[in-house]
Amino acid sequence: ARSVSVALGRQAHLRSLERAALHDTLTGLRNRRAFDLDLEARLALGEPFAVGIVDLDGLKGVNDREGHERGDELLRRFAMALQESLSGTDGVYRLGGDEYALLLSAHEEGRVEHTVTLRVERATQIVRALGFPLVGASLGLAVHPDDARSGPELVRLADTRMYARKQLARVPQA
């Protein structure tokens with residue numbers, strides 16, 4: 001009985017270590033390491049999918065005006081809102097800071113960008129309604145295999161597109 005108890009305790013400890021290695025402690029989302037592993041697994045399947053990079057706009061302002069604890073709350077709330085807004089088969093990850101990544105099914109040719117944009121906007125609206133009215137989000141997407149074939153290329157392209165959208169949003173509208 002004692003041996004079984006020790007073995008079960010050890011197994012629980014290993015599970016907690018594995019969880020810690022693959023999850024962000026602040027938001028509970030899977031982390032950068034998990035994203036990299038899941039991206040490689042998606043590539044190995046050879047099926048179409050999309051990589052999204054989302055940058056949360058306004059975190060610095062919240063931190064400066066309301067403190068870092070409130071900024072952490074924003075990061076947690078946005079993480080939950082993203083998870084709620086996306087499909088159960090889609091992956092949501094916190095890469096670090098105010099940057100998130102998405103791994104998305106891309107079965108609807110040409111519609112994935114529109115669909116994901118609407119879902120990220122929905123997550124932003126949820127967070128605004130929860131007391132963060134000045135927050136926004138910038139999204140960049142890259143689709144495998146149409147846009148790129150390797151993981152690093154997909155991430156780089158999605159990141160570039162996210163920054164391009166962020167720049168467009170900063171340009172005053174005439």
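The model is predicted. Strand β2 is largely enclosed by the rest of the structure, because five of its six residues are buried.

**Strands β2 and β3**
- Strand β2 covers residues 91-96, and strand β3 covers residues 99-105.
- The two strands run antiparallel and are joined by five bridges.
- Y93 has A101 in β3 as its bridge partner.
- Two residues lie between β2 and β3 in the hairpin that they form. In the turn, G97 has a positive phi of about 55 degrees.

- R32 and D36 form a salt bridge, with their closest N and O atoms 3.5 Å apart.
- The two residues are separated by about one helical turn, because they are four residues apart in helix α2 (residues 32-45).
- D36 is partly exposed at 35% relative accessible area, and R32 is partly exposed at 37%.

- D57 and K166 meet through their side chains in a salt bridge at 2.0 Å, N to O. D57 lies in strand β1 (residues 49-57) and K166 in helix α6 (residues 151-170), so the pair ties together parts 109 residues apart in sequence.
- K166 counts as buried, with 8% relative accessibility.
- D147 and R161 form a salt bridge at 3.0 Å, N to O. D147 is in the loop between β4 (136-144) and α6, and R161 is in helix α6, so this pair links parts 14 residues apart in sequence.
- D147 is partly exposed at 34% relative accessible area, and R161 is partly exposed at 33%.

Terms used
Residues are numbered from 1 along each chain as its sequence is written. This is a predicted model: local features need pLDDT of at least 70, side-chain atom pairs count only at pLDDT 80 or more; totals for chains, interfaces and linings use all residues. Side-chain values use heavy atoms; hydrogens and water are left out. Buried means under 20% relative accessible area, exposed over 50%, partly exposed in between (1.4 Å probe, protein chains only). Two strands pair if DSSP finds at least two bridges between them. A salt bridge is a side-chain nitrogen of Lys or Arg within 4 Å of a carboxyl oxygen of Asp or Glu.
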